[in-house]
Amino acid sequence: ARALQHEMDHDRGILILDHIGFEDMENDDMRALEEKGHNQRMELAYSRYLNTRSSREVESDSKRINILQDIVFPRPANAAD
């Protein structure tokens with residue numbers, strides 16, 4: 001589940017740095033790279049916990065889950081659809 005959420009975060013433009021506070025970044029170079037838009041990306045990164053996603057985003061996530069399940073757990077060629 002964590003790996004799946006990690007990949008879905010990437011689809012939404014979320015990186016691991018968006019899960020930490022600006023002041024918690026390791027050095028000034030990282031802060032300089034993340035300065036523009038970090039707070040908005042951080043809010044988006046945590047939005048799933050606040051249940052603020054639109055129904056379209058949830059539907060899109062469900063489709064991604066089904067696709068990933070088919071990749072990870074492929075059905076035999078003779079399985080009925």
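Tutor: What follows covers confidence, salt bridges, one loop and a surface patch.

Student: What kind of model is it, and how are residues numbered?

Tutor: This is a predicted model, in which local features need pLDDT of at least 70, side-chain atom pairs count only at pLDDT 80 or more, and totals for chains, interfaces and linings use all residues. Residues are numbered from 1 along each chain as its sequence is written, and side-chain values use heavy atoms, with hydrogens and water left out.

Student: What is the mean pLDDT of the chain?

Tutor: The mean is 76, and 77% of the residues reach 70 or more. pLDDT is the predictor's confidence in each residue, from 0 to 100.

Student: On to charges. How many salt bridges does a search of the whole structure find?

Tutor: Three. The criterion is a side-chain nitrogen of Lys or Arg within 4 Å of a carboxyl oxygen of Asp or Glu. Side chains of opposite charge can pair when their charged atoms come close.

Student: Which residue does D18 pair with?

Tutor: D18 pairs with R41, with 3.2 Å between the closest N and O atoms. This pair links distant parts of the chain, since D18 is in the loop between α1 and α2 while R41 is in helix α3 (residues 38-50), 23 residues apart.

Student: Is D18 buried or exposed? And what about R41?

Tutor: D18 is buried, at 0% relative accessibility, and R41 is partly exposed at 23%. Buried means under 20% relative accessible area, exposed over 50%, and partly exposed in between (1.4 Å probe, protein chains only).

Student: What else does D18 touch?

Tutor: Not counting residues up to four places away in sequence, D18 touches G13, E34, H38, R41, M42, A45 and Y46. Contact means heavy atoms within 4.5 Å.

Student: E34 is on that list. Which residue forms a salt bridge with E34?

Tutor: R41 does, and the closest N and O atoms of that pair are 2.8 Å apart. E34 is buried, at 8% relative accessibility. Salt bridges with shared partners join D18, E34 and R41 into one network.

Student: Where does D28 come in, and what is its partner?

Tutor: D28 forms a salt bridge with R31, at 3.0 Å from N to O. The two are three residues apart in helix α2, so about one helical turn separates them. D28 is exposed, at 57% relative accessibility.

Student: Back to the loop between α1 and α2. What does I14 contact there?

Tutor: I14 lies in that loop and is buried, at 1% relative accessibility. Leaving aside neighbours within four places in sequence, I14 is in contact with D9, H19, R41, L44 and A45. The C-alpha atoms of I14 and A45 are separated by 6.0 Å, although these residues are 31 apart along the chain.

Student: Last topic, the surface. Which residues make the nonpolar patch?

Tutor: I67, I71, V72 and F73 make a patch of about 460 Å². Patch residues have over 30% relative accessible area and no salt bridge; like charges are joined within 9 Å, and nonpolar side chains (Val, Leu, Ile, Met, Phe, Trp, Tyr) within 5 Å. Accessible areas come from the Shrake-Rupley method with a 1.4 Å probe, and for residues only the protein chains shown count as cover.

Student: Where is I71?

Tutor: I71 is in helix α4 (residues 55-72) and is exposed, with a relative accessible area of 60%.

Notes:
Helices (H or I, at least four residues) and strands (E, at least two) are DSSP runs, numbered from the N terminus.
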